[in-house]
Amino acid sequence: MLRNTGRRSLSTLSEPMRGVPAHASSAGTSLSYAATLETLSSGARVVSLPRKHPLVAVRVAVQAGSRFETASTAGASFFLAHAFMKSTRSQSSLRLTRTLEALAPSTQAYASRDLLLVGGVVPRESAHAYAAALADVLQPALKHWEMDDARAAVALRAAERGDDALVDELLHAAAFGGSSYGRPLVPMRNASKVPQSALEEHVANCYVAQRALLVTAGLEADEASALASDVLGALPAGTAAPAPTAYRGGERLLEMPGNNGTHFALAHSTAAADTPAVECASAKCVPLLPGISSSRSPPRYAVGAGAAVPAGSAPSTSLASALASSASRPAVTSSARCAT
């Protein structure tokens, strides 16, 4: 088994609390929490962060995000993230829903370009049962009538994505081309019309032990490892996830006449050891609004801001300079623009 460990520390209070005596063994020290990564013999991985707390955060993930989609399976990861409480190979959707609701106050799922992740927070004594239920989600039955029932909800979730999300899609397409990280997280059109065959193909390719991951915060490393061996053991064997394509840079522009604002996003590659991350500065520019308007980008990105400019005008030198200077590296190599 492979185990890699990184550390962080939480400092103690600088002043004692009134009326609360300091513990002799802890006075003047700091608490150290070590996050542990372990790869099981099946290829599944476990990330655990021990902590002394009655609640445990449990997440089950699989490397099945949009960068692993193909032309025939486009949109499958987003669709499956919004149809995760459906029948599995071992239980009905009603039983799965009742189980999750009985164990956790809230269970959420989402898809990124890398992962499809589902999880929540439960009492320590419920961690095993909850992890087992989450792992069962990775073996969906994909009954065609249940997938059809989910299409309206998927269409609604796709429609809720705003202009910032569109700019983010254009930026990734410019930065990585039409493959890997450049594939859209949500299809521009017909997000709810992913064919049944595409869902089945995506699950068969990606929902395998070598791409599965259990993440816990609140269990010791040995507990988390034993839990992962138990709940992820039923996943079929497959192939490991391919490495992402390299960052290449470029430009994508989307003109939308008649709108009264412009979105800009500028990015450049960073020195990342494992993934071709990019740093991004983004801003929404609204006419007749003095000052600065900025929007926060997804994790992995830095936040930037730019001055307001008239709608329809080209990116100004001052705006580009403001966005570029907010990044830690001076070279800006990709951009995307969308009028709002």
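These notebook entries record what I looked up in a predicted model.

**Ground rules.** I number residues from 1 along each chain as its sequence is written, and my side-chain values use heavy atoms, with hydrogens and water left out. Because the model is predicted, local features need pLDDT of at least 70 and side-chain atom pairs count only at pLDDT 80 or more, while totals for chains, interfaces and linings use all residues.

**Entry 1: burial and position.** I looked up Val56, which lies in strand β4 (residues 55-62); strands are DSSP runs of E with at least two residues, helices are runs of H or I with at least four, and both are numbered from the N terminus. Val56 is buried, with a relative accessible area of 0%. Here buried means under 20% relative accessible area, exposed over 50%, and partly exposed in between, with a 1.4 Å probe and protein chains only. From Val56 to Val122 I count 66 residues in sequence, yet the C-alpha atoms are 5.5 Å apart in space.

I then turned to Ala159, in helix α4 (residues 144-159). Ala159 is exposed, with a relative accessible area of 63%. Ala159 and Val186 are 27 residues apart in sequence and 9.9 Å apart from C-alpha to C-alpha.

**Entry 2: helix α7.** Which residues of helix α7 (residues 221-231) are buried? I find Ala221, Ala224, Ser225, Leu227, Ala228 and Val231. They lie on the same side of α7, because they cover an arc of only 165 degrees around the axis; the arc is that of the directions from the helix axis to the C-beta atoms.

**Entry 3: rings.** I looked for aromatic pairs, meaning rings of Phe, Tyr and Trp (its six-membered ring) with centres within 6.5 Å; planes under 30 degrees apart count as stacked, over 60 as edge-to-face and the rest as tilted. The count comes to 1 aromatic pair. The ring centres of Phe176 and Tyr181 are 5.3 Å apart and their planes stand at 50 degrees, so the pair is tilted. Both Phe176 and Tyr181 are buried.

I also checked for charges over rings, which requires NZ of Lys or CZ of Arg within 6 Å of the ring centre and within 35 degrees of the ring normal. Arg67 lies over the face of Tyr181, at 5.3 Å from the ring centre. The charged end of Arg211 sits over the ring of Phe68, 5.3 Å from its centre.
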